[in-house]
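User: I've got a structure open and I'd like to learn how to read it piece by piece. Can you walk me through it?

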Amino acid sequence: MKKGLVFLMLITLFVSLAYASLGFKIGVVTGTVSQGEDEYRGAENVIKKYGSDIIHVIYPDNFMQEQETTIARIVELAYDPSVKAIVICQAVPGTVAAIRKVKEFRPDIVFVAGTPHEDPPIVERVADVSFNTDDERRGITIIDLAHKMGAKTFIHYSFPRHLSMELIARRKDLMEQRCKELGIQFVSVSAPDPMGEQGITGSQQFILEDVPRQLAKYGKDTAFFSTNCAMQEPLITAILKHGGIFPEQCCPSPTHGYPGALGIAIPEDKKGDFNYILKAINEKIVEGGGAGRFATWPVPTNMLFVEAGVEVAIKLVNGEIKSADMDAIKAVFDEVASQKVKGVGITFNRFSDKGNFYLVIADSVIFGVTEF
Amino acid sequence: MVKIKNILLSNIVPIVFVVLCVSAIIIADIPINFLVVEIITRITRNSFLVLSLLIPVVAGLGLNFGIVLGAMAGQAAMFFAIDWGMSGVTGLIISCLLATVIAILLGFLSGLLLNRAKGKEMITSMILGFFANGVYQLFFLFFIGSIIPFSTKTMLLPDGVGLRNTVDLWGTLEGVLNNIWIIRMGQYGMIRLYMVPLIIIIVLCLFIFFLFKTKLGQDMRAVGQDMYSSEVAGIDVDKVRIIAVILSTVLAAIGQIIYLQDIGTINTYNSHEQVGLFSIAALLVGGATTRKASIWNAIIGVILFHTLFIVAPSAGNKLFGQPQIGEYFREFIAYAVIAFALAMHGLETKKSMAIQKAK
């Protein structure tokens, strides 16, 4: 009898541990993999952890045209009385309207918004907590990293369409200023716009040809940076072949540019395993003689925003932390990030002094230097 | 028997949509309250815009993709009304008046253009919309704050030139029409009927109904049926067509204002893009053709088209068990049916032409 009881209790304990049951549900809103793989995989990870306590819904692929659908998807979640928090990443247009519609009849629901597309001051007012990459401050951190990696010259590839974007233009100015302070020569190079008449292939061809040209002119200790996603892969290929320094991609993540440039195929069961991916990249970089010359952030921010966002939401619903408590939220991020890759440091800043809009920067890993 | 077959055939698009919607509702198993609230919201939001398409169809101009111009006029008027510190009902009326003035001008210009492109009005108005979008961007990205004075600095980009990508209507024009008179129904008053926009839509329906009884309306019908005979009969065809386009553009401008006050935020550079395609899709789904459209086509179209958009994501999710495939399924169904609607109209037109020839 006693044995049976203990056995029963053990079974109950095991079942309740298999899914850490929350007692309430959390809605997670992301795009499809064609719009952004990182946040989708992040959602899959939290489903693995919390099972049916996570309701994963998708906003439309052409979210710019179908705002009404985005709004309806988010509002639909709020009709389930067991849903206590909604995590949206990326917070595409329509998010602000949806949050307001929900708060009208469910003021108790906690909203976490990652990578907002709408104007930050407005998002800051409506969402309980918001996160974004600190793209402006990266103007300083990227140059500092290049300096640390031994750069004497810094080449900034961009084109007029990008440079007319406020954030990119401001980051370039900051980079230029920081270069002056550290005694690095800053060179702005105009590359063909991938949306222009030569297309993506034209701009990639340009990068492959231009990197050796610049290296011949400025020497091996030249760091390269491009504002465009399509240029990252040829940039890594060319630098590994001819020399140079590559401190960071436009959107820092181990999965951006590196696997393609180095010919790394990630097996199905290793997708989202960043320790494996980083190790594989590290091997190839060291093999190609690029040790100490290549770096990136160890975890993609959008994946972090979904996974840490869910943890933050749980703690907010349970009243364990306050949305204005930056240190407590940073602690959650640190924990989630270090579960993925050990010892990832994260820096937090506020968008405006008293708001709950946090700007995130992760520490870089340098291939051939950092231990994996 | 033949009669029933004819009725079925001529209404095939709405019938297919009803079948799709009903099956999607059964599969999706979503809260019925949510469904009702969403459908009512979509009717209040979108009907006015869809109705603005009717007059050009009757006047023989086909589906006016140029209502995008009207939507731009509506948005632009709202930006300025907010900048001048207007809010509430006054702000909304001022927006409507200003939007009307801009829309009359834009409608007149596009009417002139469409008269030069008789027989190719639909594609011309579509390209005109793209062109106007470029001018709109130039205007609001580079002229606002530099050439055109704009005093609300929080709406501008940090260097003082160009509007930000989101304009917040909260506290100024958000829900102004909705909140005047709300009837609450159902559990906890969850189902809310926004009476004023609904009344405005009914008034518009009556206006369109009576317009077609007037001399001008009859002229429009005549021009729509046969331009050359109308010309011979002494109707100023070009003038009638321009009036039709102006009316459509003005109605679209007001429709966009109703739409945006309900949404609550303006996506400065994209809110108008979706207007043309989705309104036209809704009208087609309601059983309209490029040559024939009624008020009922518009209303039924809005209900069916948006019901499918509301329930299809959940239905896809339930069917395939993976949220991503649910989304692809929704896109596939929604756009496939629009394409199907257009193809059906093509077939019907061919058939009726063959019948006329045989006669």
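**Reading the model, feature by feature**

Analyst: Let's begin in a loop: B:D29 sits between α2 (12-28) and α3 of chain B. Keep in mind that this is a predicted model.

User: Is B:D29 buried or exposed?

Analyst: Count the C-beta neighbours. B:D29 has 11 inside 10 Å, so it counts as exposed, the cut-off for that being 12 or fewer.

User: Where does A:T115 lie, and is it buried or exposed?

Analyst: A:T115 is in the loop between β4 (110-114) and α5 (120-126) of chain A. Its phi is positive too, about 45 degrees, and it isn't a glycine. It has 20 other C-beta atoms within 10 Å, so this one is buried.

User: Which residues does a cis peptide bond join?

Analyst: Omega is the angle to check. The bond between A:C89 and A:Q90 is cis, with omega about 5 degrees. You'll find A:Q90 in the loop between β3 (83-89) and α4 of chain A.

User: How do I read a helix pair, say α3 and α11 of chain B?

Analyst: Look at how the axes approach and cross. Helix α3 (residues 32-51) and helix α11 (residues 237-263) of chain B have axes that come within 8 Å and cross at roughly 170 degrees. Because of that angle, α3(B) is roughly antiparallel to α11(B). Among the residues that meet are B:F48 and B:L49 from α3(B), and B:I254 and B:I258 from α11(B). Sorted by class, this contact holds eight nonpolar, four polar and two charged residues.

User: Which residues have the most contacts inside the largest nonpolar core?

Analyst: They are A:I86, A:V87, B:A73 and B:A99, in a core of 202 residues. The element giving the most to this core is α11(B), with 17 residues. Leaving aside neighbours within four places in sequence, B:A99 touches B:A73, B:G74, B:A77, B:A253, B:I254 and B:I257.

User: How many residues does each chain put into the contact between A and B?

Analyst: Chain A puts in 26 and chain B 27. On the chain A side, α3(A) gives the most, with five residues. By class, that side divides into 13 nonpolar, five polar and eight charged residues.

User: And what does the domain assignment of chain B give?

Analyst: Domain 1 (1-30 + 286-359) and domain 2 (40-272). Their C-alpha centres lie 26 Å apart, and 11 residues of domain 1 are in contact with 15 of domain 2.

How values were computed: Residues are numbered from 1 along each chain as its sequence is written. Chains are lettered from A and ligands numbered from 1 in the order in which they are written. This is a predicted model: local features need pLDDT of at least 70, side-chain atom pairs count only at pLDDT 80 or more; totals for chains, interfaces and linings use all residues. Axes are lines fitted to C-alpha atoms, for helices over the stretch in contact, and angles run from 0 to 180 degrees between N-to-C directions. Helices (H or I, at least four residues) and strands (E, at least two) are DSSP runs, numbered from the N terminus. Angles under 35 degrees count as roughly parallel, over 145 as roughly antiparallel, 65 to 115 as roughly perpendicular and the rest as oblique. Two residues are in contact if their C-beta atoms, placed from the backbone, lie within 7 Å. Ala, Val, Leu, Ile, Met, Phe, Trp, Tyr, Cys and Pro count as nonpolar, Asp, Glu, Lys and Arg as charged, and the others, Gly among them, as polar. Domain bounds come from an automatic or database domain assignment. A nonpolar core is a set of buried Ala, Val, Leu, Ile, Met, Phe, Trp, Tyr and Cys residues joined through C-beta atoms within 7 Å.
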